[in-house]
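Please read the points below alongside the sequence and the coordinates.

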Amino acid sequence: MNTQQIIESLAYFGFEDIDSKVYMGLLQTGPVSVGSLSSRLGIDRGKTYRSLSKL
């Protein structure tokens, strides 16, 4: 299963697309600052914070 298929499968558990991307990004990078994660994923820092609070 590739990353995109996993992201799509996480929707079953109520993950929105951005939440899935943040979750997968954390799994791939490990502990990282929000700024670094948002830059790496190309997601706005505020959206990354909101997604992390949901997770």
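1. Tyr-23 lies in helix α2, which covers residues 17–29. Helices here are DSSP runs of H or I with at least four residues, strands are runs of E with at least two, and both are numbered from the N terminus. The structure is a predicted model, in which local features need pLDDT of at least 70 and side-chain atom pairs count only at pLDDT 80 or more, while totals for chains, interfaces and linings use all residues. Residues are numbered from 1 along each chain as its sequence is written, and side-chain values use heavy atoms, with hydrogens and water left out.

2. Tyr-23 is partly exposed, since its relative accessible area is 34%. The terms are set as follows: buried is under 20% relative accessible area, exposed is over 50%, and partly exposed is in between, with a 1.4 Å probe and protein chains only.

3. Together with Leu-27 and Leu-55, Tyr-23 forms a nonpolar surface patch with about 290 Å² of accessible area. Patch residues have over 30% relative accessible area and no salt bridge; nonpolar side chains (Val, Leu, Ile, Met, Phe, Trp, Tyr) are joined within 5 Å, and like charges within 9 Å. A salt bridge requires a side-chain nitrogen of Lys or Arg within 4 Å of a carboxyl oxygen of Asp or Glu. Accessible areas come from the Shrake-Rupley method with a 1.4 Å probe, and for residues only the protein chains shown count as cover.

4. Helix α4 spans residues 45–54 and contains Ser-51; Thr-48 also lies in helix α4. Thr-48 is buried because its relative accessible area is 0%, and Ser-51 is buried because its value is 1%.

5. Which residues does Thr-48 contact, leaving aside its neighbours within four places in sequence? They are Val-22, Val-34, Leu-37, Ser-38 and Ile-43, where contact means heavy atoms within 4.5 Å. Ser-51, with residues up to four places away not counted, touches Ile-18, Asp-19 and Val-22.

6. The protein chain as a whole has 4 helices and 0 strands. Of its 55 residues, 25% count as buried. Its accessible surface comes to about 3800 Å², and carbon and sulfur atoms hold 52% of this.

7. Along its principal axes, the C-alpha trace spans about 25 × 20 × 15 Å.
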